[in-house]
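Dear colleague,

Please find below the structure that I am handing over to you, with its sequence. My notes on what was found in it follow directly after.

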Amino acid sequence: MEEQDNTTVNGVPEVRDELAPGQPRIGDTRPAPVGPVEETQTAEPVAPSQEAAPVAPVPKIGDTMVGEAVVSAEPQRVPGRAPTPVPAGLATTAGEGSGKKRRRRGSRGGDRKSKSTGRYLMCVHVDGPTTHIAMLEGRSLVEHYVVKESDETNQIDGNLYLGRVQNVLPGMEAAFVDIGIPKNAVLYRGDVRYESEDSDHVPEASARIEDVIKAGQLVVCQVTKNPIGAKGARLTQEVSLPGRFVVLVPNSSTIGISKRLGDSERRRLRKILDEVRPQGHGLIVRTAAEGASAEELAADAAELTERWAKIESEAKKSSKPGLLYRELELAVRMLREELTAEYRGVIIDNRQLYEQVRAYVAQVSPELTERVEYYDPKAESLPVFERYFVHEQLHKALDRKVWLPSGGSLIIERTEALTVIDVNTGKNVGTTNLEETVFKNNLEAADEVARQLRIRDIGGIIVIDFIDMESKENRAAVANQLRAALSRDKTRTQVFDISELGLVEMTRKRISEGLLESVSAICTVCEGRGIVLDPHVV
């Protein structure tokens, strides 16, 4: 993925004027050299207060607020630049239980607003009832989501419902549940909560779905997958309520800590988890809890416990299927899941959504509030997606052909059963031998395939046809490269080794319909086949 260049600010190249030798540049903290003094001027020494104010360090992952201080790791040093000085007068204290220093952010001298630095940028464009959310890594588009206001029956993942079981199918080990939307949802045996008193004391291992759930029964369930095509939404009775730092698992003994955290941090959080876990409920600590104090985790858990109590109370009062709890707006949800100091900004071109997002960030991560910015489409010369080059990258993501840096290409074909990706050398003719050319082309393809799966939000079964390689070591290296590239994808994936035919079989969890389907409609002429039959023949 393309990293942000040190000479860019928010994806736009910084313009540098040519300066005479010895002339100070913007950002220099030392006084300018004293040159010849004109007769009409008097040379005066530069007072220390007139020197350029030092730049405050930028918070990193896990930064949180305690009083007036920010938890932060030591500031990073950029090669070729002097270390960033710490502004005088800012207190540094140790965060309780975190072992990290907390530092209050300052601003560059005067009223100038400091520019945040970071790896990621979120651009949100609201177009009538549709909201487009683009995630940029450097300048490269890595994810794109479409939220339609009218999709109250399609984009419902994460919502909690009170459902009524319509019928149980033992041969499918599934039940169809009415949750108050036109299409019934599906609840599989593995997602049913086992209650011994409701199953005539049948052992859990041998209990069938007809033993644990009955037609007409009211159940509290959560949507784990949106309805796609002719398939209804998928449900689970294993409800989970995500917060900023923890996930509450009601009526469960589950305890877990994110595997992305280091061993020392996991040990610290394990001790805190035993103290803050609500009685009768399970708790899972998220990656965002890195550096969080016991008080912050306890407050998050208490808020989620109170929310679940309200949901339970509402479920007991109701006697018909319907919505119990609606998840947050997708833009706010994504910030809850991922917002860290690695985000250099969140740009929103809708005032109402901007106020909602800013209020949420001010509540959960006040030190990052200034990174949420309003992009006024009337005052700016370009729309936000054109300003940050999202529009042209979206057009490329909708094409079936994708070019690789060395001249190779990918052909991406979607079918009902699976997605097929074909890798070609194209214009890449190499310089040494065929095996080396094919190997390098496949390595490039592995990186680009992972990126395209995220941008296009492709799920289900995926088959990648890499170019044949004779060397087993090269085949293993390409498979490892693909796994490494997919490790940055938060959606769960499973990748198998390259077969003798050069094929890689993999799966990616399907949650939504995908980019292409969300911005397109079935052709009324060919009915989606891509061809029109000759009327003289048929």
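Two terms are needed at the outset: a residue is called buried when its relative accessible area is under 20%, and packing here rests on contact, meaning heavy atoms within 4.5 Å. Please bear in mind throughout that this is a predicted model.

**Overall picture**

The chain has 538 residues, of which 42% count as buried. Its secondary structure consists of 10 helices and 27 strands. Among contacts between residues at least 6 apart in sequence, 64% join residues at least 24 apart.

**Helix α7**

In α7, the buried residues are Val390, Gln393, Leu394 and Ala397. They sit on the same side of α7 because they cover an arc of only 105 degrees around the axis. An α-helix has 3.6 residues a turn, so residues three or four places apart point the same way. The face turned away from the buried side of α7 carries the exposed residues His395 and Lys396. What do the buried residues of α7 pack against? Their partners are the strands β8 (130-137) and β9 (140-148), together with the helices α6 (384-387), α8 and α10.

**Nonpolar cores**

The largest nonpolar core has 28 residues, and those with the most contacts inside it are Leu410, Ile421, Leu453, Ile464, Phe466 and Leu482. At least two residues of this core come from each of β23 (409-414), β24 (418-424), α8 (434-456), β25 (460-465), α9 (472-486) and β27 (503-508). Helix α8 supplies the largest share, 7 residues. Another core, of 26 residues, lies apart from this one; among its members are Val147, Val332, Ile348 and Tyr354. As a general matter, nonpolar side chains tend to be buried together in soluble globular proteins.

Leu453 may be examined individually. Leaving aside its neighbours within four places in sequence, Leu453 is in contact with Ile421, Ile458, Ile462, Leu486, Met506 and Arg508.

**Salt bridges**

The structure holds 20 salt bridges. Side chains of opposite charge can pair when their charged atoms come close.

- Arg307 and Glu303 form a salt bridge in which the closest N and O atoms are 3.0 Å apart. Being 4 residues apart in helix α3 (residues 294-317), the two are separated by about one helical turn. Glu303 is partly exposed, with a relative accessible area of 37%.
- Arg400 pairs with Glu413, the closest N and O atoms being 2.3 Å apart. This pair links distant parts of the chain, 13 residues apart: Arg400 lies in the loop between α7 (390-397) and β22 (401-403), and Glu413 in strand β23. Arg400 counts as partly exposed at 44% relative accessibility, and Glu413 is partly exposed at 34%.
- Asp489 and Arg508 meet through their side chains in a salt bridge of 2.7 Å, N to O. Asp489 lies in the loop between α9 and β26 (493-495) and Arg508 in strand β27, so the pair ties together parts that are 19 residues apart in sequence. Both Asp489 and Arg508 are buried.

**Surface and individual positions**

Where on the surface is there a nonpolar patch? Leu398, Leu516 and Val519 form one, with about 210 Å² of accessible area together. Of these, Leu516 has its place in helix α10 (residues 515-518) and counts as partly exposed, at 37% relative accessibility.

Glu435 is found in helix α8 and is partly exposed, with a relative accessible area of 22%. Apart from its neighbours within four places in sequence, Glu435 is in contact with Met469, Glu470, Ser471 and Asn474. The C-alpha atoms of Glu435 and Ser471 are separated by 8.1 Å, although the two residues are 36 apart along the chain.

Gly262 lies in the loop between β17 (255-257) and α2 (263-276). Gly262 is partly exposed, with a relative accessible area of 37%. Its C-alpha atom is separated by 9.9 Å from that of Thr287, 25 residues apart along the chain.

With kind regards

Methods
Residues numbered from 1 in each chain as written. Predicted model: local features only at pLDDT ≥ 70, side-chain atom pairs only at ≥ 80, totals over all residues. Heavy atoms only, no water. Core = buried A, V, L, I, M, F, W, Y, C linked by side-chain atoms within 4.5 Å. Buried < 20%, exposed > 50% of the residue type's maximum accessible area, 1.4 Å probe, protein only. Patch = residues over 30% accessible without salt bridge, like charges linked within 9 Å, V, L, I, M, F, W, Y side chains within 5 Å. Areas by Shrake-Rupley, 256 points an atom, 1.4 Å probe, with all protein chains shown as cover. Salt bridge = Lys/Arg side-chain N within 4 Å of Asp/Glu carboxyl O. Arc of directions from axis to C-beta.
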